[in-house]
Amino acid sequence: MQKLLSEIRACEVCSKHLPLGPRPIVAAHRQSKIAIIGQAPGTKVHETGIPWDDPSGRQLRKWLNVTDEEFYDEKIFALIPMGFCYPGKGKSGDLPPRPECAPLWHEALFHRMPHLQLIIVIGIYAQGYYLKERKEKNLTETVRAYHNYLPKYFPMPHPSPRNRFWLKKNPWFEAEVLPELQKRVQVVLSST
C-alpha cells in the first residue's frame, strides 16, 4: 500500500492540464474500513495537502457525526477523490475531476483494502463511476434511493456550502438519509 500511495503522490500523468501543477491528494491504509470517494481537491486542499481540509470537509464530518481524529484515521477512513489534483476553475465552480485518475489508480487502491465495509460516493462523478447504470436519473433521485445501493455503497450530495439551496429544497436528506448514514458509520467505528 505504501508503495502504491507513493506512486500516486508522484503522478504527473495530466500535469499539462493542471493550472496549479500536480499535487495528488489521497489517504488510505490496508486496514481502512470506510472509503469516501469525493470529487477533486479544491485550492485550499491543494495548498495544505490535507484531504477535505476546507468548509466542505467540516460539513462532511458533521454529516458523518465523526471527530477530526476519527476522520483522519486512515485505518478507519480512506479518502480517495475521483481526481487526485486540483483541476482548475470553471464557470460555476471547479472543473470536473480529471478523467485519468480513477481508471489509473482506484482499482489498485481498492484491491489493497480488503477490510472495507462501506463506500460513500459523493457527487455525480463518483456516483456515475461506481453506480454506473444503477444510478437514478439525477443526483437527487440517486441520493433519495440510497437504500438500493446498500450495503456496499452510500450515495451522497457534495457537502459544499454551494449546496445549501439543494439542502433547503430537500429536507428529507437531513431527516431520513443522514441518520441512516450516521448509524452505519457508528457500526463500523464501534467494530474498530
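The buried residues of helix 5 (residues 101–111) pack against helix 1 (2–9), strand 1 (34–38), strand 2 (77–81), strand 5 (118–122) and helix 6 (123–131). The model considered here is predicted. UniProt, in an unreviewed entry, places the feature "domain: Uracil-DNA glycosylase-like" at residues 25–182. Within the model, the span 25–182 is 40% helix and 15% strand, and its end C-alpha atoms lie 25 Å apart.

Strand 1 is largely enclosed by the rest of the structure, because five of its five residues are buried. Both of its faces are covered: one side carries Ile 34, Ile 36 and Gly 38, the other carries Ala 35 and Ile 37, and all are buried.

Two strands pair with strand 1. Strand 2 pairs with strand 1 in the parallel sense over five bridges, and in this pairing Gly 38 stands opposite Pro 81 of strand 2. Strand 5 also runs parallel to strand 1, joined to it by four bridges. The bridge partner of Ile 37 in strand 5 is Val 121.

**The two sides of helix 5**

Which residues of helix 5 are buried? They are Cys 101, Ala 102, Trp 105, His 106, Leu 109 and Phe 110. These residues lie on the same side of helix 5, because they cover an arc of only 125 degrees around the axis.

**Pro 41 in its loop**

Pro 41 is located in the loop between strand 1 and helix 2 (43–48). Is Pro 41 buried or exposed? Its relative accessible area is 6%, which falls under the 20% limit, and Pro 41 is therefore buried. Leaving aside neighbours within four places in sequence, the residues in contact with Pro 41 include Ile 25, His 46, Pro 81, Phe 84, Tyr 86 and Asp 94. Pro 41 and Arg 23 are 18 residues apart in sequence, and their C-alpha atoms are 9.4 Å apart in space.

In soluble globular proteins, nonpolar side chains tend to be buried together. The largest nonpolar core of this model has 31 residues, of which Ile 36, Leu 64, Phe 77, Ile 120, Phe 154, Met 156 and Phe 173 touch the most other members. Among the elements that give two or more residues to this core are strand 1, helix 3 (55–64), strand 2, strand 5, strand 6 (153–156) and helix 9 (172–190). Helix 9 supplies the largest share, eight residues.

Leaving aside neighbours within four places in sequence, Leu 64 is in contact with Ile 36, Phe 71, Phe 77, Ile 120, Leu 181, Gln 182 and Val 185.

**Salt bridges**

How many salt bridges does the structure hold? There are eight.

| Glu 7 | Lys 3 | 2.7 Å |

Glu 7 and Lys 3 are separated by about one helical turn, because they are four residues apart in helix 1. Lys 3 is exposed, at 62% relative accessible area, whereas Glu 7 is partly exposed, at 35%.

In the second pair, Asp 53 is buried, with a relative accessible area of 18%, and Lys 44 is partly exposed, with 36%.

Arg 144 and Glu 141 both lie in helix 7, three residues apart, about one turn of the helix. Both partners are partly exposed: Arg 144 has a relative accessibility of 38%, and Glu 141 has a relative accessible area of 27%.

Finally, Glu 180, Lys 183 and Arg 184 are linked in a network of salt bridges.

Notes. Residues numbered from 1 in each chain as written. Predicted model: local features only at pLDDT ≥ 70, side-chain atom pairs only at ≥ 80, totals over all residues. Heavy atoms only, no water. Buried < 20%, exposed > 50% of the residue type's maximum accessible area, 1.4 Å probe, protein only. Arc of directions from axis to C-beta. Contact = heavy atoms within 4.5 Å. Pairing = 2+ DSSP bridges. UniProt positions renumbered as here; feature names shortened; annotations may be inferred. Core = buried A, V, L, I, M, F, W, Y, C linked by side-chain atoms within 4.5 Å. Salt bridge = Lys/Arg side-chain N within 4 Å of Asp/Glu carboxyl O.
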